[in-house]
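Student: I have a model open and want to see how its labels follow from the values. Can we go through some of them?

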Amino acid sequence: MKFNIRSYQSFILIFLNNKSRIARLTGELGWIVFGQLASIVGSFVLVRVLTNYLDPFEYGRLGLVLTVSTFSSQIFLSGVPSVASRFYSIAVENNDLKGFLRSTGLFTLYATAITVLITLIAIPFLYLYGYQQWVILSILAVLFAIVSTYSSAISSIQNSARNRSNVAIHSGMEAWLKIGIGICIFKIIGASSTSVLLAFLVSSILIGLSQLFFFKRITNPFEIGGNVKRSEAWLQKMWIYSWPLMAGGLFNWAFFASQRWSLELFVSTSDVGKFFALTQVVATPITLAGGLVITLISPILFSRVGNLSASDKTIASKKIVVKLAALGMALVFLLAILSSFFSEAIFKLFVAPEYLEVAKYMPIVIISTGVLQCSQVLGIVLTIAMQTKKVLPLAILGQSLIVLFNLIFVWYLGINGLFYSMVLGSFIHLIWMILIIKNVKE
């Protein structure tokens, strides 16, 4: 192969012309990787600590009650971080950051009010049907969801503003705060699902307050200026953008919650705990890795596309997203193959001995979670094009079908059936998403 001096010179010229941009992107990537690595290591240590303190039955109860938290965050509160992330670049482009912040604050308050109202309605029914022990757990779970959403919204704005170091530090701190506060609470009131939720809530409050402190150094979120009529226009756009995400959130919640509740209904609470521990060790780092890609690429693409006036930029952004998803798929299968040789050793390192019997399912969880994350990455195309309604058929029909698979497979095959259903469901989700973005208008 001959050395091409012209290609070399062109490469050097491109590098020199984009030196500052490359340095900035390298710095941003470094902070994101730091934050995600700290989160992943923290999540591993958190699982080890919790499984040491809680037996599979109590850990299963924790996994079930956390579905209450995700119910709130996936439905009523799901639009808040997404709205904060997507509309920031548009607000900057329109020179109306105050109006954007005012409208985002109002949007968040409305979502919170609905969440609190639904919780107050649900509490009497818990008493009526004999689930009194779930009342405190549910209240703590909902409060945790609300505070986490506030923190996530601020983080989304910071990320869109490309303040990567702030986002990375808080992301990395969260799991470690849960560990430290959790151990302190266990020493005081004992280890239980209630004390774990209390630790999660306290750590989330501290993270949220810290986020708010650093956010105020950039702009005052309490300064709700801006034209009222323009704020109403912002709210209308936010609602049009986010209601499909909220509607789909119900089915997205059912997609994941049905995994744990099918085991609760047809197998046992202890098996829920073992499955929950497995997904935390395997699925959480993969989900965080998918989040790393979305966190890095979304604000860059949103900034490039802006208000969609340049269709050629939308087309180029779509191609970038597709290539990233394809690379992710290759890495997922490579990781699954490697894990088949070391699954038990890895599980022994991060989980208490009582949970080891589910270690053999690690490659299957890697494939199902990884494929699903690649599908989520492809979903960036819809947010770029502001065509979030296109995801509704998948969110409603596709995920309802997968929920049905979870229940039927576990009913017939026990815990083995759940893993078959997870793999089948993830590929259905991916294929459906590919068909959706293929038809997105450029």
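Student: Why is tyrosine 53 called partly exposed?
Tutor: In this predicted model, tyrosine 53 has a relative accessible area of 35%. Buried would need under 20% and exposed over 50%, so tyrosine 53 is partly exposed.

Student: What makes phenylalanine 186 buried or exposed?
Tutor: Its relative accessible area is 6%. The cut-off for buried is under 20%, so phenylalanine 186 is buried.

Student: How many aromatic pairs are there?
Tutor: The count is twelve. One of them joins tyrosine 53 and phenylalanine 186, with ring centres 4.7 Å apart and planes at 50°.

Student: What makes the pair of tyrosine 361 and phenylalanine 419 stacked?
Tutor: The angle between the planes is 10°, with 4.0 Å centre to centre. Stacked requires under 30 degrees, so the label applies. Tyrosine 361, at 9% relative accessibility, counts as buried, and so does phenylalanine 419, at 1%.

Student: Why is helix 4 described as largely enclosed?
Tutor: Because 13 of its 15 residues are buried.

Student: How do you know that the span of helix 4 agrees with its number of residues?
Tutor: At 1.5 Å a residue, its 15 residues should span 21 Å, and the end C-alpha atoms are 21 Å apart, so the two agree. Helix 4 also bends by about 35° at phenylalanine 87.

Methods
Residues are numbered from 1 along each chain as its sequence is written. This is a predicted model: local features need pLDDT of at least 70, side-chain atom pairs count only at pLDDT 80 or more; totals for chains, interfaces and linings use all residues. Side-chain values use heavy atoms; hydrogens and water are left out. Helices (H or I, at least four residues) and strands (E, at least two) are DSSP runs, numbered from the N terminus. The expected span of a helix is 1.5 Å times one less than its number of residues. The bend at a residue is the angle between axes fitted to the seven residues ending there and the seven starting there. Buried means under 20% relative accessible area, exposed over 50%, partly exposed in between (1.4 Å probe, protein chains only). Rings of Phe, Tyr and Trp (its six-membered ring) pair if their centres lie within 6.5 Å; planes under 30 degrees apart count as stacked, over 60 as edge-to-face and the rest as tilted.
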